[in-house]
Amino acid sequence: MVKKSFFSTFLKSSDIVQYLAFFLVIWLAYFIKFRAFGLYEDDYWYIGKPANMNFGELLDLLKNNVFNIEGGQGRIIGFTVPQLLAFISFKLGGISGVYILGSFVILLNAVLFYRFGLKIFPKYIAGIATILFILNPADTTKPLLIHILQLQISVTFVLLALNVYLNGRRIPAFVLAFCSLLTYENAYLPFLAAPLFAFNWDKKLIRRFIVHLIAGFSLILLIFVVRKLMGESRIAELETAETIKRVLISLIVGPVVSIGSFFVAMYEVVISVSVLKWILPAGIILFILWHFITEKVSYGYNQVKTRLVNLPGLKIEWESYETSDRIILLIIAGLFMLICSYLFAFTHYPPVVLHGRSSSVHLAGSVSGSIVAAAIIYLIHFLVSRNNALKHGFNVLLIIFMSILLSKGLLIQNDFKKSWNGQVQFWNEITNNTPDIKNNTIVLVDVDDNMYDIAYIITYSWALPEGYNQIFRFDESWEYPPKAVIPGITYENDLQYDEQGIYFEPVYPFVFEDREKVYLEDKNVIYIDYNDGQAARVDTVFRCDSVAVATAVKPVGEIPQFKLNEVGKLFLKK
């Protein structure tokens, strides 16, 4: 017997059609408007910085990521691979190149999920499961570049691990799962449930499962101990009692929110149907075509006497359909995987967010939640399969359901487009009003409360002070390059003062060259006030008790121009 190669199992003609369908779904849902996208939130730091670097600067950055546990948060792969890929893809194709690379990362995950699905589902249900995985509405960050190149690559490792594990290769599976831990730890968690998908629920499973859990949690403990010994602040600051409480609550709340997100998505699409004039019918046509080209499920209905539970001291047997028993085991295994997926949700507590970057708390849940949802669809499909009217009616509902999930992706894309337009307008106005920035200039910006109020991505984030560095290349002798700051975002408290002068305490000191206090220099502060969406530079004096700092007066005449970075051309459209 000729053994099939690794690639031959991926490249059968029938499966290639499935992959093309998945890629079309990915593009329609997340990238059809990618030319109107830019950088958002963490992208400033982890995509924009390496994109602006030369190769020598990149090597220094990567070395720092490997040896600086605090700065790299213990994610050796998670902070090197994204920046390396951002550097290469940006140099080759600009920001479009990074997004195209990102779409192929998501496609790779879809293919790996599908291969895993074929091991536990019939082909038709495996395809549905993969579509649910691609369109899973709990995690809305699939178009966010840093989440693609870090979080989604962590998912790549865990999906590889699950496939390899079910092929009987345990040690390579753990190596791949460990890589997921070193990339972004949340994605690792579905791997804890891997033995439950073998379907041999007997005495051997108990021993295998216990050994698997001991080994799986040992890897978690290893990472935890190393990060704690190296002084990584997020681990060092954990309080045991509060963390345990959050974990226990998250294990209940997270799975409920994950499954509930499918219903929330349907509601959001229905109330937004006016902006989805073409995507909903396009989705229906796409999934009708997919339905007819995909091999359907053929069920066996012979009743058999089966032992579903056969454990020491507990044996239960009854007459049932073998297929329904298999589906019930799948649902149980999927639910355990879904619960495990929220073990680390205490870092984004409570796990109830379904919009924006924080919805990545459902990253692992998007894997396990899709398996549970597909298993439930599998069960319903089985129950109605002997009645043609019910079967066809359910297939129609299924097509409409998947089309609605596809439409949810367009809502996300619309917000990404709106946010980037807002950022471009913001930075054009800010840079036009601040031609006289210099070393340690602080630009205080007062924005309207409702400016770019967007659900799925933040326009003004913690990374805003990095904007000037993204746009311009300043003199290397400048110790403190200019920073734009927004009260309430960049710093939370009011301006304060001490014997050295007026200062603010940044939320993230590392964005301010590790300064815990940032002092305002007299005549080196610029104040920009937004009124009805229009920016204006205002001369004023900031006072704290008897201490005063005056803003710089906007100069008249020729001002030296700074050299634009490559990323800066995106912001200023030059």
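**Exercise 1.** State which residue forms a salt bridge with Glu41, and where the two partners lie.

*Solution.* Step 1: apply the criterion, a side-chain nitrogen of Lys or Arg within 4 Å of a carboxyl oxygen of Asp or Glu. Step 2: the partner is Arg357, with the closest N and O atoms 2.7 Å apart. Step 3: Glu41 sits in the loop between helix H2 (13–31) and helix H3 (43–51), and Arg357 in the loop between helix H14 (322–340) and helix H15 (363–384), so the pair ties together parts that are 316 residues apart in sequence. Helices here are DSSP runs (H or I, at least four residues), numbered from the N terminus.

The model is predicted: local features need pLDDT of at least 70, side-chain atom pairs count only at pLDDT 80 or more, and totals for chains, interfaces and linings use all residues. Residues are numbered from 1 along each chain as its sequence is written, and side-chain values use heavy atoms, with hydrogens and water left out.

**Exercise 2.** Classify Glu41 and Arg357 as buried, partly exposed or exposed.

*Solution.* Step 1: buried means under 20% relative accessible area, exposed over 50%, partly exposed in between (1.4 Å probe, protein chains only). Step 2: Glu41 has 3% and is buried. Step 3: Arg357 has 28% and is partly exposed.

**Exercise 3.** Describe the salt bridge between Asp60 and Lys63.

*Solution.* Step 1: the N to O distance is 3.8 Å. Step 2: both residues belong to helix H4 (residues 55–67), three residues apart, or about one helical turn. Step 3: Asp60 is partly exposed at 48%, and Lys63 is partly exposed at 49%.

Technical notes
Helix = DSSP H or I, 4+ residues; strand = E, 2+ residues; numbered from the N terminus.
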